[in-house]
Amino acid sequence: MAPTFYRRELPSTAVSFSSSEGRKIFESAMSLGGTFTFFALIEQLQTQPEPAYCGLTTLVIVLNALAVDPRRLWKGPWRWYDERFLNCCVDLEKVKETGISFDTFACLAKCQGLGVEATRGSDSTVDEFREVIKRICTSSSPSDCTHPTSFLIVSYTRKVIGQTGTGHFSPVGAYDEASDSVLLLDTARFKYGPHWVKVELLFEALSPPDPSTGKSRGYMILSYDGVDVESDCRLQSKHLAHLPRSLLFRPQITNSVREYKQFLETETDKNQGEINFQSVVSFWTQNYSNDTFVRQLIKSQLKPVDSDEIKMVESLQDLVKATVNETILDTNLTFKRQECTTASNECCSASTQSLSQRYIQFSTIESIFVVYLASLSKETRQRIVTNTMQRSRKFDDYVGDQLLAEIELISYAIDASDMESIV
């Protein structure tokens, strides 16, 4: 029988949050103003549901602490983030086995509409790291601003601080300037509870390369601009108007996407920097033999339930159609229908057809056209979308902005596809 474990003892390099020493450090941090982010995070702290889910759970904690509305039902009538909703950029079943990398975490955060400032340990200094910690954990806002709009997370190597395991993600809950320590709100609470670690030691733990990418880990500032900080940064229980960047699509990072990035590099070299739409169609239909292959890169989101969001999705669908019709001469391309197999998850049973109706609908040509736009430069795709909007005069600017944000996220997934080992 394989051995089992109940928690681990913290090494001498860490101080348990609940210990007498840990409480004294917290009191010091409170008196010095270093607990600005603590209370919002501790309200949402939870244990990761899978051994390799530290990254996903860290992000869920931050999203709920920022009061971001996922616009999807959790249970019953309630909308609330949990790890199941973070299915953009990754295959959750694979994450159970391998976890996620620094770059994939950034992709997931962007997919939920967060602002992401990512810094690798190899690109920073301990003094710069300390200043970021102070800026995020210490309130410098007006006295009536009781809720932070940014949080700091770290991706580090446990072994450097004397713990078992390898790579890990944690939210940073507080900073005590007197002891120069940060509070790590460890999501693997079955192993280690929240604990204090010296800033210099934590910075050292950011530097070793991740074996899956060959690059160092690091830290990220995650922010949410759903609230005007100058007018009201209290968040609390007020309803926030928020559209995630992935309202239409869930970009995926797969081996096929990595092959597509290599394909683009070959195409641009061959065609003096130009990308041919027909070539993109050929790639994402496997030479016109598979009309579902593009789902290796983008999958449709669930249809929204909010009335404003329904209108936005309808406007986005109309804008995609209009842009395709204005840009592509032949929109009547035909593709061979993917054969129904259990492995492809494309079976045409009544239950599957019913399930498919719950997702936003795009034709194969529309999906591939969006991928084509994501393959172009930011300036070129912006010009194409803007030209369509100016000619039609029926789309508001925020509709175009949302579509361009969606396309940018797909572009990010393509760029990030070779940054890590894909199982």
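A charge is said to sit over a ring if NZ of Lys or CZ of Arg is within 6 Å of the ring centre and within 35 degrees of the ring normal. The exercises below use a predicted model.

**Exercise 1.** Find the ring over which the charged end of arginine 8 sits.

*Solution.* The ring belongs to phenylalanine 5. The charged end of arginine 8 is 4.6 Å from the centre of that ring, and the distance limit is 6 Å.

**Exercise 2.** Check the length of helix α1 against its number of residues, then describe its faces.

*Solution.*
1. Helix α1 covers residues 20-31, twelve residues, and at 1.5 Å a residue it should span 16 Å. Its end C-alpha atoms lie 17 Å apart, which agrees.
2. The buried residues of α1 are Gly22, Ile25, Phe26, Ser28 and Ala29. Viewed down the axis of α1, these residues fall within an arc of 160°, so they line one face of the helix.
3. An α-helix has 3.6 residues a turn, so residues three or four places apart point the same way.
4. Ser20, Arg23, Lys24, Glu27 and Ser31 are exposed, on the face of α1 turned away from the buried side.
5. The cover over the buried residues of α1 includes β1, α2, β6 and β8.
6. After α1 comes glycine 33, with a positive phi near 80°.

**Exercise 3.** Decide whether leucine 41 is buried or exposed, and list its contacts away from its sequence neighbours.

*Solution.*
1. Leucine 41 is in helix α2, residues 38-44.
2. Its relative accessibility is 0%, so leucine 41 counts as buried; the cut-off is under 20%.
3. Leaving out residues up to four places away in sequence, leucine 41 touches Ile61, Val62, Ala65, Phe151, Pro171, Val172, Gly173 and Leu185.
4. Valine 172 is 131 residues from leucine 41 along the chain, while their C-alpha atoms are separated by 8.8 Å.

**Exercise 4.** Classify two of the 19 aromatic pairs and state which helices they tie together.

*Solution.*
1. Tyrosine 260 and phenylalanine 283 are 5.1 Å apart centre to centre, with 50° between the planes, and the pair is tilted.
2. Tyrosine 260 lies in helix α8 and phenylalanine 283 in helix α9, so the pair ties together parts 23 residues apart in sequence.
3. Tyrosine 260 is buried at 0% relative accessibility, and phenylalanine 283 is buried at 17%.
4. Phenylalanine 277 and phenylalanine 369 form an edge-to-face pair, at 6.0 Å centre to centre and 65° between the planes.
5. Phenylalanine 277 lies in α9 and phenylalanine 369 in helix α12, so this pair ties together parts 92 residues apart in sequence. Both residues are buried.

Terms used:
Residues are numbered from 1 along each chain as its sequence is written. This is a predicted model: local features need pLDDT of at least 70, side-chain atom pairs count only at pLDDT 80 or more; totals for chains, interfaces and linings use all residues. Side-chain values use heavy atoms; hydrogens and water are left out. Helices (H or I, at least four residues) and strands (E, at least two) are DSSP runs, numbered from the N terminus. Buried means under 20% relative accessible area, exposed over 50%, partly exposed in between (1.4 Å probe, protein chains only). Contact means heavy atoms within 4.5 Å. The expected span of a helix is 1.5 Å times one less than its number of residues. The arc is that of the directions from the helix axis to the C-beta atoms. Rings of Phe, Tyr and Trp (its six-membered ring) pair if their centres lie within 6.5 Å; planes under 30 degrees apart count as stacked, over 60 as edge-to-face and the rest as tilted.
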